[in-house]
Amino acid sequence: MSNPSEFVSTFAIVLVALGFLVWGYNRAKPFGKLGILAWLQSVVLIAPWLLFFGLVALGIFINIIGLIFLFVASSGVYIYLGNRLRSEGQDAILRDRAAQRIAQQQEQENLTKSVVSSDTDGGDRLENNTTEEIFPIPAEDLQQIKGIFSLDTFFATETISYQEGAIFKGNLRGETEAVYASLSQKLESLLGEKYRLFLVESPEGKPVVIVLPSANDPQPSTLAQKNLALVLFVAAIATTLEASALLLGFDWFSQLGRYGEALPIALGLWLILAAHEFGHWFYAKRYNIRLSLPYLIPSWQIGSFGSITRFESLIPHRTALFDVALAGPAIGGLVSFFLLAIGLILSHPGSLFQIPIEFLQGSILVGTLAKVLLGSTLEGSIIDVHPLMIVGWLGLVINALNLMPAGQLDGGRIVQAIYGRKTARRTTIATLVILGLVVIFNPANPIPLYWGILILFLQRDLERPSLNELSEPDDTRAALGLLALFLMLATLIPLSPGLAGQLGIGG
């Protein structure tokens, strides 16, 4: 039986997961049948993992055949729901848009009458209020910018000086994506690339337009920054070779001639790091986003902790932020998971590495997967494993650490994209607090302290707002983000001795 603390921890994790599902349902419900179908897709995507780890926590073990069947069945249901969503959604979308157009036309007519009737006594007063303030934008540019607004896109009612540009308060008169596209195109046609238009939410929760000079855009890396990236790249090569050598039982720095022995494991780690960066680069190119060179983070413990990558151009919308952020750990994690699984399958008595069985208790995900593939061989005290298993595990840890929901880490960007900046600030603080508690209660492990310092001094700030900050990623992306955070926890949280004993991991 699980002890009370294990039961409480399991119950808390399940409760949080159910809370996210209920939140998603409440978010989808106003959209009717289409929203519910999209929500069901999210549930189907997450359910196999929740079921698998929930049963594991209760001591109920699913073999490899059952696990494959579970994921195949969920994939089939997901595809079926997707087909239903596409086939039934088109007519509903057309009807909804027609109704919106009729309502918008009626509203515009009423608003036009109101504007005309109040023009003689109120129009001058509004104009005086907006021109008395001194704006950093030249008057002729400001006048042209005001001309991009209209009754059918964004009806501006107030103009306020802001930093080197201006804020326009008013009413959003159409669909967010269409309004942003119309306003940005008009601005570009009038003033070229001189200004950038942001559609964001005010502190009062109302849509506002912010126009800033393009001189405020993120700047390309300087020569010094590029040189720093090169130095860190060389350092990471050295630390991955050293970490690989230490796994093999020797110190590479004192025996440089033995690099050939450490190279195969180091190549596996470089493959994972390259896959991670390729994921970011691929989706950034898709959205025409420039990325800086990756600033690799050397590590004596596991070779490298991944990298820090800056956005060198503005992000068009939150969906782009999500896709670029998730693609890195998703591709890197899949490569790591594949190497881990192949390594476990190839493991046999006499394999290169002999590790204490307690080593497999260091991760819920790795421990349960090892039990699925190795079965009763985990009941001893020592197990022989293939080197690919170690490489895959280290890769999972690297990607999971970057998925922590804090600041400009991939996990922080994912939370910001799905849930907004306010929630992202809270999860950053929560992550730092949890890392601090882990350092206090487990001072022998230096990694939480290292990452706490890294986040606090380099990565705690959020990404700047997207150009279109109002449009949220769809429910499928929200489910994928939740799944990524869930797998991050499953990778980094160790199995308790009691649960490991229930699963037969260890004597």
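Predicted model: local features only at pLDDT ≥ 70, side-chain atom pairs only at ≥ 80, totals over all residues.
## About the model

Residues are numbered from 1 along each chain as its sequence is written, and side-chain values use heavy atoms, with hydrogens and water left out.

## The overall fold

The protein chain holds 15 helices and 8 strands. Both are DSSP runs numbered from the N terminus, with helices being H or I of at least four residues and strands being E of at least two.

Of the 507 residues in the protein chain, 45% are buried. Here buried means under 20% relative accessible area, exposed means over 50%, and partly exposed is in between (1.4 Å probe, protein chains only). Among contacts in the protein chain with a separation of 6 or more, 73% are between residues 24 or more positions apart; a contact means heavy atoms within 4.5 Å.

Let's start with helix α8 (residues 318-346) and helix α11 (residues 410-419), whose axes come within 8 Å and cross at roughly 150°. Axes are lines fitted to C-alpha atoms, for helices over the stretch in contact, and angles run from 0 to 180 degrees between N-to-C directions. The crossing of α8 past α11 is left-handed, which means that the near helix is turned anticlockwise from the far one by less than a right angle, while clockwise would be right-handed. On the α8 side, the contact is made by R318, L321, F322, A325, L326 and P329, and α11 contributes residues including D410, R413, I414 and Y419.

Helix α11 also packs with α12: their axes come within 7 Å and cross at roughly 150°. This time α11 passes its partner α12 in a right-handed crossing. The contact is made by G412, V415, Q416 and Y419 of α11 together with R421, T423, A424 and T427 of α12.

Further along, T431 also lies in helix α12 (residues 421-441). T431 counts as buried, at 9% relative accessibility. Leaving aside residues up to four places away in sequence, T431 touches M404, P405, A406 and I455.

## Aromatic pairs

Searching the whole structure gives 9 aromatic pairs. Rings of Phe, Tyr and Trp (its six-membered ring) pair if their centres lie within 6.5 Å; planes under 30 degrees apart are stacked, over 60 edge-to-face, and the rest tilted. One of the pairs is F253 with W300, edge-to-face at 5.7 Å centre to centre and 70° between the planes. F253 sits in the loop between α6 (223-248) and α7 (259-286), and W300 in the loop between β5 (295-299) and β6 (303-308), so this pair ties together parts that are 47 residues apart in sequence. F253 is partly exposed, at 38% relative accessible area, and W300 is exposed, at 54%.

The rings of F359 and W393 have centres 4.8 Å apart and planes at 55°, so this pair is tilted. Because F359 lies in the loop between β7 (353-356) and α9 (364-374) and W393 in helix α10 (residues 387-402), the pair ties together parts that are 34 residues apart in sequence. F359 counts as partly exposed, at 41%, while W393 is buried, at 8%.

Elsewhere, ring pairs link F278, W281, F282 and Y283 into a cluster. There is also a charge over a ring: R258 lies over the face of F250, at 3.9 Å from the ring centre. The test for this is NZ of Lys or CZ of Arg within 6 Å of the ring centre and within 35 degrees of the ring normal.

## Residues in loops

Most residues other than glycine have a negative phi. Q163, not a glycine, has a positive phi of about 50°; Q163 lies in the loop between β1 (154-162) and β2 (165-172) and is exposed, at 56% relative accessible area. N288 is not a glycine either, and has a positive phi of about 60°. N288 is found in the loop between α7 and β5 and is exposed, at 68%.

Lastly, S254 is placed in the loop between α6 and α7 and counts as exposed, at 53% relative accessibility.
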